[in-house]
Amino acid sequence: MKLCSVLLVLAMASVCNGQAPKIAPADAPSMIVIAPQGEPGESLIVTGRVFGPDNATPLKGVSIYVYHTDIRGYYSAETTNSSNPRLRGYIRTDDQGRYEYRTIKPGPYPQARVPAHIHYVVSAPGYREKVFEIVFEGDPFISSDIREKAKSEESMFSLRAARPDDKGVLRCVQDIRLKKE
Ligand SMILES: [Fe+2]
């Protein structure tokens, strides 16, 4: 069996297991739309750039996997299991390290005091995988513990502002620094 066939089988097996892949296809775009037309919730556009360890050199072709709950706090039909989220996207950064996705602002998990969040898995060969989540300023479920942790770059929390632009669309910026393996 050729390598590409093996990879295809592995990819299909992972989908059959109900586990979404965590790496973007090599030809994934740098700008994507996650939420379908009519998805309930406030429109949100997240933009950012991925840099190398010097926090200045843009990294091209970095894989970004993002996923989040719907406005009711569910990853897919009536479940908070995040292994196969409905609202997810796969991105590769452009020549300038840029990326953008359009979606809706997620809701917090039902019956839990966990802030609404967007998960990130960022990976590139030769760099340490970065796994974290955006939480939004003003969320009532952000504890002082989360706020404190978010001050560290190594934290799994990134506390970001989401502010409306002149069209009323929420805008959020999330830059990312990758470290060498
Ligand atoms: Fe989550």
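A crossover is called right-handed if, with the strands pointing away from the viewer, the path from the first strand over the helix to the second runs clockwise.

**View 1. The β-α-β unit of strand S7, helix H2 and strand S8 in the predicted model.** Strand S7, which covers residues 130–136, helix H2, which covers residues 144–149, and strand S8, which covers residues 157–160, together make a right-handed β-α-β unit. The two strands run parallel and are joined by four bridges, and within this pairing Val135 stands opposite Leu159 in S8.

View 2. When residues up to four places away in sequence are not counted, Tyr67 touches Ser82, Pro85, Leu87, Arg88 and His119. Thr93, by comparison, is 26 residues from Tyr67 in sequence, with 17 Å between the two C-alpha atoms.

**View 3. The largest nonpolar core and its member Val66.** This core holds 31 residues, of which Ile64, Val66 and Val122 touch the most other members. Two or more residues are given to the core by each of strands S2 (43–51), S3, S4 (87–92), S5 (98–104), S6 (117–123) and S7. In soluble globular proteins, nonpolar side chains tend to be buried together.

Notes: Residues are numbered from 1 along each chain as its sequence is written. This is a predicted model: local features need pLDDT of at least 70, side-chain atom pairs count only at pLDDT 80 or more; totals for chains, interfaces and linings use all residues. Two strands pair if DSSP finds at least two bridges between them. Two residues are in contact if their C-beta atoms, placed from the backbone, lie within 7 Å. A nonpolar core is a set of buried Ala, Val, Leu, Ile, Met, Phe, Trp, Tyr and Cys residues joined through C-beta atoms within 7 Å. A residue is buried if 20 or more other C-beta atoms lie within 10 Å of its own, exposed if 12 or fewer, and partly exposed in between; C-beta atoms are placed from the backbone.
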